[in-house]
Amino acid sequence: MKTGILLVNLGTPSAPTASAVRTYLRQFLSDRRVIDVPRWLWALILNGAILPFRSPRVAKLYQSIWTAQGSPLLAISREQQQKLQQRFTDGNIIVELGMTYGEPSIQSAVDNLIAQAVGKIIVLPLYPQYSSTTTASVFDAFAASLKQHRYMPEIAFIHHYHNHPNYITALANSIGKLNDDELLLFSFHGIPQRYADEGDIYPQHCQQTAQAVATALGLSDTQWRMTFQSRFGKEPWLQPYTDVTLEQLAKAGKHKRIAVICPGFSVDCLETLEEIAEENRDIFIANGGEHYRYIPTLNARDDHISMMETLVDGLLSQSHHTPCSKF
């Protein structure tokens, strides 16, 4: 019996234009998992202020990272899908790619898998650290996609892998050896502090990831820090903030050399290539920093693909006749 592996990431606009970004942001920012403001109020804010003014600005940022292959997030995600597919050569494993927002959609990926008569689908959200704003949104979209079909295959859903040994090893390998005077900064995507106060376990997962990588590298507590980036809106988000921390470190003069890694991202995208590699580098250098090194995400590295293979292997070996799904 065939098994489908569904890789899922956040998504991307179809083009670096204001209209395409507007379409993407409308879908993304309409997700109640992401923004939980009352719908009537949020509709006014979203359509009256955010989409008209933010879309052109964000489109220019996308233009700065767009490649001949299109969106880096989509191009690298396709490469991940292809490389993982190559690990399974017997024809009974089908790897599909879906995005929570934009194309290819989770719906289209599930449609393709069911059309090929899979008996089981393993969903792998490429978010190492669980958050209601990301992982749970994947679950919502995946569940909704099954409503379009009479047949529902067995389901296995990978909830997180923030401390999986292969993931930690891959991150440590990507960082390599730090210079003696280089501070390692772990920058994770932020969420509103209120979400964490209400039970989202994301910050604990981030802390555990950073600590595990630091331990693997043999770093002392003074050789690394953890921050949160990409805040949106006026309410407090998880702190310390990445941009503020970089400015403070540069002005203090104690750390002139910084290496920044974003372990919460499985693919380089706008938030890493523009915000971290460019915008935050400028902040650090402008305030007295001397050397800034951005460490790319794991992308399609072989050790990253091997980790994905390991994550699904145990679930692949389970019988198709298990009476209940694994979550």
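**Briefing: cysteines, a sheet and a serine**

C262 is buried, with a relative accessibility of 1%. The model is predicted. It holds zero disulfides.

**Cysteines**
- A disulfide is a covalent bond between the sulfur atoms of two cysteines.
- The closest cysteine sulfur to that of C262 belongs to C269, and at 8.2 Å it is too far for a bond.
- C269 is in no disulfide either.
- C269 is buried, with a relative accessible area of 6%.

- Strands of a sheet pair through backbone hydrogen bonds, either parallel or antiparallel.
- Here, four strands form an open sheet in the order 6-5-7-8, and the pairing is parallel.
- Strand 6 (224-229) and strand 8 (291-295) stand at the edges. Each has a single partner strand, so one side of each lacks a neighbour in the sheet.
- From one strand to the next, the twist averages 25°.
- Five bridges join strand 7 (residues 257-261) to strand 8 in the parallel sense.
- V260 has Y294 in strand 8 as its bridge partner.

**Helices on the sheet**
- Helix 9 (residues 242-252) packs on the sheet and touches strands 5, 6, 7 and 8. Its direction makes about 135° with that of strand 6.
- Helix 10 (residues 270-286) lies across strands 5, 6, 7 and 8. It runs at about 170° to strand 8.

**S131**
- S131 sits in the loop between strand 3 (118-125) and helix 5 (135-146).
- This serine is buried, at 1% relative accessible area.
- Its side chain makes a polar contact with the side chain of D200 (3.1 Å).
- Beyond its neighbours within four places in sequence, S131 is in contact with A136, I191, D200 and Y202.

Technical notes. Residues are numbered from 1 along each chain as its sequence is written. This is a predicted model: local features need pLDDT of at least 70, side-chain atom pairs count only at pLDDT 80 or more; totals for chains, interfaces and linings use all residues. Side-chain values use heavy atoms; hydrogens and water are left out. Helices (H or I, at least four residues) and strands (E, at least two) are DSSP runs, numbered from the N terminus. Buried means under 20% relative accessible area, exposed over 50%, partly exposed in between (1.4 Å probe, protein chains only). A polar contact is a pair of N or O atoms within 3.5 Å; within protein, one must be able to donate a hydrogen and the other to accept it, and residues adjacent in sequence count only if both atoms are side-chain atoms. Contact means heavy atoms within 4.5 Å. A disulfide is a pair of cysteine sulfur atoms within 2.5 Å. Two strands pair if DSSP finds at least two bridges between them. Axes are lines fitted to C-alpha atoms, for helices over the stretch in contact, and angles run from 0 to 180 degrees between N-to-C directions.
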